[in-house]
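Here's a quick tour for anyone meeting this structure for the first time. Have a look at the model, and then we'll walk through a helix contact and some aromatic rings.

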Amino acid sequence: MTQTAHPLTPAPSAAHRPSLLRRVLRVLAVVACLPYISLKVVWVAGGEIGIPAGSELLEHRTLLAVANSVSVLADAAVIVLALLLTQAWGLRVRAWLLAFPMWAATGLLAPIMAGYPAQLAIALLTGDERAAAPSEPFLDDWVFAVVYGGFILQGLSLGTLFALYARDRWGHVWRGRLGELSARTSGPGVRAAALAGAVAALVPAAVELLWLSGSATGLSAQRAAERDTDFYVLTAIQLAFLVTAVVFTLFLVLRRPARLGVRPVLAVAWVSTGAVGCWGAYMSLVSLQPQADVLKQVTALARLSYAGEMITGFLLAACVAFFLRRRSAEV
C-alpha cells in the first residue's frame, strides 16, 4: 500500500498552514456560533432576552437550563471541528472520532438549511408575516432569524471545510463508479442492514404521507389545529430526506446503477442518513418531555414515527460506515 493511499496519511497540500479560503471559512464557522451560544448562556443564567412573556419556555426553568447547557456544548463542538479541519494535527485524528460528530452535525443542520429558506420563500410569496415562527409566543421573531441564519452559515462553512479535508485525506475512497466497486464493500450483513433500514422507514414514511394528505392522525390536538404551510413544507422535506437516505444507501450497498459515480452517491447518502437519524433522535427526545397540557401531548403514533426515523437513519449510516472502512482498506 502506498503512503498516499493510506486513510490516515495527511496529504502534503493539507499538512501545512491552511489556505486563505480555509482560514476564512474557519472564522465564519466560529463567528456563526457566537449568537446562538450567547443567547443560550444568557438563558442558562436566568435571562429572558428573546423570550416573550407567556412563553412555555418560562414554565420549565430547570429543563430550560439543562437543555440550553447541552446546546452550548453541542455548538461549541462546531468550533472544535472548525479548528480540527484546518490544522495539521487534525489530520492525525482517528477517522471515527471525526466522522461521527461531522455526520451528526451534518444531519442536524441539513434540515434547517433546507427548511428555513423554504419557509421564508413561502412567506415572501404569500405575504404571511408569521411564517417560519410558531403561532404561540415561544420566542421573539428575531431569535429565529439570528439562530437559523447562524445555523445556515455554520452548515455552509463547516460543510465546505469538511469537503476540503475529506478530499485531502480520503479522496481515494470515492473515486470511480458504483459498478467498479469490489463486492467486499458490501457483504450480506450490510445488505441485510440496508433492507432493515428500508423496512423501518415504512412507518415514518406512511405517517408523513398521511400528514401531507391533510390527515390529523397521529398529531396532538393543538398541532392539528395549528397546521399551516410551514408544517407541510417541513413534513415534505423530512419525507424527502427519508426516501433519499433509503434509495442512495441501497445504491451504495447494491453497487447499482453501475454508471453512477461513487462520490455523489456517497455524499447524498451521508447527508440524508444524518438528517433522518439525528432529527429522528432529537424529536424522540423532545417527545419524551413531560407535558401537562393534554392538547399538546405527543401521540404514540408520532413517537413511533420519530423512532422509526432514528432507527432507519442509524441503520443506513452503519452501512455507509462499513462501506467507507472497507473501501479505505482496499485502495
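Predicted model: local features only at pLDDT ≥ 70, side-chain atom pairs only at ≥ 80, totals over all residues.

Helix α5 (residues 188–200) and helix α10 have axes that come within 8 Å and cross at roughly 160 degrees. Angles over 145 degrees count as roughly antiparallel, so that is how α5 and α10 run relative to each other. Their crossing is left-handed.

Who does the touching? On the α5 side it's Val190, Ala193, Ala194, Ala196, Gly197 and Ala200, and α10 brings Gly308, Ile311, Thr312, Leu315, Leu316, Cys319 and Phe322. Sorted by class, the contact of α5 with α10 has ten nonpolar residues, three polar ones and no charged ones.

Now for the rings. The count comes to twelve aromatic pairs, and here are two of them:

| Pair | Type | Centre to centre | Angle between planes |
|---|---|---|---|
| Tyr36 and Phe151 | tilted | 4.9 Å | 55 degrees |
| Trp103 and Phe314 | edge-to-face | 5.3 Å | 75 degrees |

Tyr36 sits in helix α1 (residues 20–44) and Phe151 in helix α4 (residues 141–170), so their pair ties together parts that are 115 residues apart in sequence. Both Tyr36 and Phe151 are buried. They also belong to one aromatic cluster, together with Tyr116, Phe144 and Tyr148.

The other pair links distant parts of the chain too: Trp103 is in helix α3 (residues 95–126) and Phe314 is in helix α10 (residues 300–330), 211 residues apart.

Methods:
Residues numbered from 1 in each chain as written. Heavy atoms only, no water. Phe/Tyr/Trp six-rings, centres within 6.5 Å; stacked < 30°, edge-to-face > 60°. Helix = DSSP H or I, 4+ residues; strand = E, 2+ residues; numbered from the N terminus. Buried < 20%, exposed > 50% of the residue type's maximum accessible area, 1.4 Å probe, protein only. Axes fitted to C-alpha atoms, helices over the stretch in contact; angles between N-to-C directions. Parallel < 35°, antiparallel > 145°, perpendicular 65-115°, else oblique. Left-handed = near helix turned anticlockwise from the far one by under 90°. Contact = heavy atoms within 4.5 Å. Nonpolar A, V, L, I, M, F, W, Y, C, P; charged D, E, K, R; others polar.
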